[in-house]
Amino acid sequence: MIYFKFPFDEKLYSTDEKTGKNSINFHSFDGLRQISFDGDIIEINQENFDKEIITNDSLPEDKSNFIAETKDEYLQKLEEVIEVINKNTLPKLVLSRRKIFNDFNQIDLKESFNNLCKTYPNAFRYIFNNGENAWMGAFSEVLGKFNKTTHEFETMSLAGTLPVSEEWSEKEIEEQKPVSNYIKNILTKYVTLSGVEESKTHDHISGNIKHLRTDFKAKIQSEDLDRLIQELHPTPAVCGIPKDFCKENIQKIEKFPREFYAGYIKIETEDTVQFFVNLRCAKLYKNAVHLFVGGGITSQSNPEKEWIETELKSEAVLKNLVVS
């Protein structure tokens, strides 16, 4: 079972499971795992969906025995990351954690998903349960969008996080610059005709927080698409710079594997191939919800503020859960 909505589109979609083609693929952060949904993409009648009952009763039990990090443990890891950044003169490294919520008897997953859709109309929103894994999320970072007719490829650099009411500081501005440079440098290798179009950096609102965003467009060959995505992922927004070094350190320092958090979702239709970063998301269990949150760390990072940022990000899914 999968249901989803595209950004700025309130139509509800699923797959018909009739054909052998994979229209939807979830890729893990490390690139080693994939969850696919067969069939053509079809529109679902919202009224019929509203009559469905989808609760945590149908989900697998949490047998991971994971214990979420305390604030002190996370602050210690942040100090460790800042030390790695300073020692290796890194522009940025992304650290994440799990927040585990189990203070409930019942979750109305259908209404939780509906809430998520209303809260984040500019995001790709989804919920799925394939019997072994169940996830829900909503995030608006586009890893890539390819038009099969025009061969135009679009992507964005998204970095820096603040509550909507606060002003940007040098820390966030400096955090976003290398993300934009990284993406532009990769795109330059694949352009076919004109150069890479780059927008001015602007605010990107996502619920109770905002990010700095720069948009990019370029024309590429269709046969280069998958290779380009592999080169872009994981972007500095979810990993750091340089990519391979930061990825290696993330897997050493972080307490838990990221699984499908900070991976990407590929959706293919007749006209387009779209790729969304899987960031504001949670793994769902019968008896627990694992919320995945993180932040870009620089030499200027304040560990206390970074903790608060992850708490804010956890609200993206947590505040929309309908529990009893």
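The model is a predicted one, so local features need pLDDT of at least 70, side-chain atom pairs count only at pLDDT 80 or more, and totals for chains, interfaces and linings use all residues. Residues are numbered from 1 along each chain as its sequence is written, and side-chain values use heavy atoms, with hydrogens and water left out.

Let's start with Y3. This residue sits in strand β1, residues 2-5; helices (H or I, at least four residues) and strands (E, at least two) are DSSP runs, numbered from the N terminus. Is Y3 buried or exposed? Its relative accessible area is 9%, so Y3 is buried. The cut-offs here are under 20% relative accessible area for buried, over 50% for exposed, and partly exposed in between, with a 1.4 Å probe and protein chains only. If you skip residues up to four places away in sequence, Y3 touches L12, Y13, S14, I44, F49, E52, I54, F113, R125, Y126 and I127, where contact means heavy atoms within 4.5 Å. With E52 there is also a polar contact, side chain to side chain, at 2.7 Å. A polar contact is a pair of N or O atoms within 3.5 Å; within protein, one must be able to donate a hydrogen and the other to accept it, and residues adjacent in sequence count only if both atoms are side-chain atoms.

Now for a residue with polar contacts to two side chains, R213. Look for R213 in strand β13, residues 209-219. Its side chain makes a polar contact with the side chain of H204 at 3.0 Å, and another polar contact, of 2.7 Å, joins the side chains of R213 and D215. Setting aside neighbours within four places in sequence, R213 is in contact with M156, S157, L158, Q176, K200, T201, H202 and H204.

Next, the helix packing. Helix α2 (residues 71-88) and helix α7 (residues 303-318) pack at about 120°, and their axes are 9 Å apart. Axes are lines fitted to C-alpha atoms, for helices over the stretch in contact, and angles run from 0 to 180 degrees between N-to-C directions. How does that angle classify? Angles under 35 degrees count as roughly parallel, over 145 as roughly antiparallel, 65 to 115 as roughly perpendicular and the rest as oblique. So α2 and α7 are oblique to each other. On the α2 side the contact is made by K71, Y74, L75, L78, E79 and I82, and on the α7 side by P303, E304, E306, W307 and T310. Sorted by class, that contact of α2 with α7 has six nonpolar, one polar and four charged residues. In this scheme Ala, Val, Leu, Ile, Met, Phe, Trp, Tyr, Cys and Pro count as nonpolar, Asp, Glu, Lys and Arg as charged, and the others, Gly among them, as polar.

The other pair is helix α4 (residues 170-188) with helix α5 (residues 225-232), packed at about 155° with axes 10 Å apart. That angle makes α4 roughly antiparallel to α5. From α4, the contact draws on Y182, I183, I186 and L187, and from α5 on L228, E231 and L232. By class, α4 with α5 gives six nonpolar, no polar and one charged residues.

Over to the loops. N105 lies in the loop between β6 (92-101) and α3 (109-119). With a relative accessible area of 66%, N105 is exposed. Beyond neighbours within four places in sequence, N105 is in contact with N56 and S324.

Most residues other than glycine have a negative phi, and most peptide bonds are trans. Against that background, the peptide bond from H233 to P234 is cis, with omega near -10°, and P234 is in the loop between α5 and β14 (240-241). The bond from I241 to P242 is cis too, with omega near -5°; P242 is placed in the loop between β14 and α6 (243-253). As for positive phi, F8 has a value near 55° and lies in the loop between β1 and β2 (12-15). F8 counts as exposed at 69% relative accessibility. H151 has a phi near 65°, in the loop between β9 (142-147) and β10 (152-163), and counts as partly exposed at 25% relative accessibility.
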